[in-house]
Amino acid sequence: MKNFKNLLLIALILFLLLLPTFAGKYLLYMTINILILSVFALGFNLLLGYTGLLSFGQAGFFAMGAYASGKILLVIPSLLLGAIAGMAAGGVSALILGYLCVRHTRIYFSMLTLSFGMMIYSLAWKWRDVTGGDDGLVGIPRAPFEIPGILTINMNPMENYYYFVLVISLIAIFILYRIVNSPFGLTLKGIRDSENRVAFAGISIRNYRLLSFTFAGLYAGLAGSLLPPLENTVTPPLAHWTHSAEPVMVTLLGGIHTFSGPIVGSILFYLIKDIIVRYTQYWLIWFGSIVVFLVLIFRGGVVIFFTERVWPLLKRT
Amino acid sequence: MLEKLLFQGLIGLSFSMYLWLLASGLTLVFGVLGVLNFAHGSLFMLGAYATFTFYGKLGFNFWVSIGLSLISVGCVGAVLERFFIRRIYDLDLPYQLILTFGFILIFDDLVKMAWGGVAMIPPMPRFFEGNLSVFGRPFPIYNLFIIAAGFGVAIILWLILEMTWWGRMIRASASDREMASAIGINIPILFTTVFVFAAMLAALGGALGTPVRVVAPGIGTAMIIQAFVITVIGGLGNLKGAFVGALIVGILTAFGILLFPVFELFIIFVVMAVVLMVKPEGLFGK
């Protein structure tokens with residue numbers, strides 16, 4: 001199993017690296033979207049799957065990242081600076097709001113994050129001077145990747161931007177993998193499973209939750225910052241609570257108790273959408289039905305379903 | 001100035017009543033079944049579309065249309081509870097929220113399929129046309145009717161819960177499900193009836209809203225979030241709290257539009273967050 005897993009990982013990364021040599025613009029565009037959603041959902045799952053907190057306001061931090069990166073790119077055309085600004089905006093706002101949110105758990109935590117996310121939404125929608133109101137920020141350039149004095153890469157071709165997003169996402173995913181397998185990650189799992197025991201061990205639960213919340217916000221901000229150069233615009237619906245439901249859905253789809261769950265969920269999300277819209281414009285009926293079916297029939301998610309049901313079956317034969 | 005404020009308050013009061021009709025069902029379902037139903041706003045939307053069809057399209061009498069809408073949405077609610085919601089009583093919060101969110105997606109697209117994606121405004125019943133002069137300003141007669149209907153529903157709900165056998169069973173199983181079951185209350189049937197009742201309350205809100213508010217696919221998601229704010233302010237599962245919460249949110253919205261038009265939505269969520277931080281069990285929670 002272990003060898004198989006590594007092999008699969010290497011094959012997947014090779015496939016992603018070679019993708020631009022044979023894929024068209026549309027497939028690259030879709031893959032970029034999958035990568036962005038993966039980073040977004042992985043950060044979210046640090047909270048849900050590892051810390052046991054359901055946030056319904058992650059779209060707020062995503063939008064913070066998107067607006068910050070959009071604002072920067074409109075003034076200073078540097079892609080890296082945009083991403084850093086987005087990450088900082090998501091992380092800092094999550095640190096501040098998280099301080100207020102982590103006092104609660106369960107439904108009160110979810111409702112509190114929902115209200116903060118919607119505050120960010122209403123600001124994005126109505127604070128016209130800064131955010132451009134319901135038009136959003138428009139005409140954001142896909143700025144070149146620049147390290148002054150060393151190199152400049154033109155990002156206008158889709159392949160180049162694809163590689164930028166791919167490298168950033170892989171680094172982010174690798175770092176998160178190290179985080180969840182570090183003592184810090186184990187402590188988070190401990191808090192999820194038995195709050196009191198961890199508290200008895202002399203660990204400040206609230207600080208750990210706050211740190212986890214900040215990481216989740218940082219990842220949401222990073223994911224958000226990758227969007228404006230792709231779409232050239234940023235609009236308020238990015239912060240709306242229905243967008244917050246997206247990482248929740250894909251994480252449950254893939255499985256909350258596995259690291260790769262959110263990634264698999266993101267891939268399936270776009271794959272399902274792509275297949276269904278070929279036949280009908282009303283794809284949400286089918287996607288909604290899949291979500292309902294999933295909750296009722298296999299709650300562990302697709303990854304667990306594969307590793308615990310399908311894989312043993314394959315090994316036996 | 002005072003008259004202007006009072007007039008605006010009256011407008012807020014009529015808006016509160018739609019919110020109350022929606023939030024009462026949401027909080028009732030949470031209090032008794034223990035499920036936070038995201039799709040409750042979609043039932044509101046279905047009520048609006050059904051009334052639009054019966055009244056605006058098929059030309060039934062206004063009251064008959066409302067009755068037919070309540071029955072049809074009640075049936076949708078019965079199916080929803082019997083086959084789906086019933087299976088998630090004991091699941092964790094994320095699963096409950098996501099299952100009901102799945103139904104938002106389904107209902108939104110079904111409505112687009114059946115009625116198209118454009119917003120529609122059905123005709124006003126003739127006997128409600130016209131304005132009354134309140135503080136020297138024209139106030140629609142229909143809004144007065146809405147205010148009366150909202151208070152009427154509140155009184156009826158209170159009477160049902162306090163005075164009837166059914167209400168007593170609901171209160172018993174809300175406070176201790178196992179004990180209620182042990183003394184012979186048929187919990188599954190009771191829960192289905194409560195859910196259907198709540199669905200009808202939401203449908204009533206949507207139905208009464210149709211002559212004055214637009215009927216469009218997005219109204220469910222727009223309304224449910226306001227209903228969440230209300231139930232949180234009043235205390236999750238608390239009906240009296242939901243009524244007061246609806247008044248607060250409705251009137252705050254009316255004054256917000258008048259005084260700070262930019263931050264009207266923002267203020268409501270600030271109120272929600274402050275209540276959650278200071279008194280998470282809500283203004284009327286135990």
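This is a short tour of a predicted model with chains A and B, stop by stop.

**Stop 1: where the chains meet**

Show both chains and colour them apart. Here 34 residues of chain B are in contact with 36 residues of chain A. Stay on the chain B side. Select α4 (93–115), α9 (219–234) and α11 (264–278) of chain B; each supplies at least two residues of the side that touches chain A. Colour the chain B side by residue class.

**Stop 2: α1 and α9 of chain B**

Which hand does the crossing of α1(B) and α9(B) have? It is right-handed.

Show side chains next. From α1(B), pick L19(B), L22(B), A23(B), L26(B), T27(B) and F30(B). From α9(B), pick M223(B), Q226(B), A227(B), I230(B) and T231(B). These residues make the contact between the two helices. By class, the contact has eight nonpolar, three polar and no charged residues.

**Stop 3: α2 and α8 of chain B**

Hide the previous pair. Select helix α2 (residues 40–57) and helix α8 (residues 187–209), both of chain B. They pack at an angle of about 50°, with their axes 7 Å apart. That angle makes α2(B) oblique to α8(B). The crossing is right-handed.

Now label the residues that meet:

- In α2(B): H40(B), L43(B), F44(B), M45(B), L46(B), G47(B), A48(B) and T51(B).
- In α8(B): A199(B), A202(B), A203(B), L204(B), G205(B), G206(B), A207(B) and G209(B).

Sorted by class, this contact has 10 nonpolar, six polar and no charged residues.

**Stop 4: the nonpolar core**

The largest nonpolar core has 190 residues. Which of them touch the most other members? They are Y219(A), V194(B) and A203(B). Centre the view on V194(B). Leave out residues up to four places away in sequence, and V194(B) touches L28(B), V29(B), V32(B), L33(B) and I170(B).

**Stop 5: L47 of chain A**

Move to chain A and select helix α2 (residues 25–50), where L47(A) lies. Is L47(A) buried or exposed? L47(A) counts as buried, because it has 29 C-beta neighbours inside 10 Å, and 20 or more are enough for that label.

Pick out its contacts beyond four places in sequence. They are L53(A), S55(A), S212(A), F213(A) and A216(A). Then draw a distance from L47(A) to N6(A), C-alpha to C-alpha. The two residues are 41 apart in sequence and 26 Å apart in space.

**Stop 6: α13 and α14 of chain A**

Finish with helix α13 (residues 261–276) and helix α14 (residues 283–296) of chain A. Their axes come within 9 Å and cross at roughly 140°. That makes α13(A) oblique to α14(A), since only angles over 145 degrees count as roughly antiparallel. The crossing is right-handed.

Show I272(A), K273(A) and I276(A) in α13(A).

Terms used:
Residues numbered from 1 in each chain as written. Chains lettered and ligands numbered in written order. Predicted model: local features only at pLDDT ≥ 70, side-chain atom pairs only at ≥ 80, totals over all residues. Contact = placed C-beta atoms within 7 Å. Helix = DSSP H or I, 4+ residues; strand = E, 2+ residues; numbered from the N terminus. Axes fitted to C-alpha atoms, helices over the stretch in contact; angles between N-to-C directions. Parallel < 35°, antiparallel > 145°, perpendicular 65-115°, else oblique. Left-handed = near helix turned anticlockwise from the far one by under 90°. Nonpolar A, V, L, I, M, F, W, Y, C, P; charged D, E, K, R; others polar. Core = buried A, V, L, I, M, F, W, Y, C linked by C-beta atoms within 7 Å. Buried ≥ 20, exposed ≤ 12 C-beta atoms within 10 Å, placed from the backbone.
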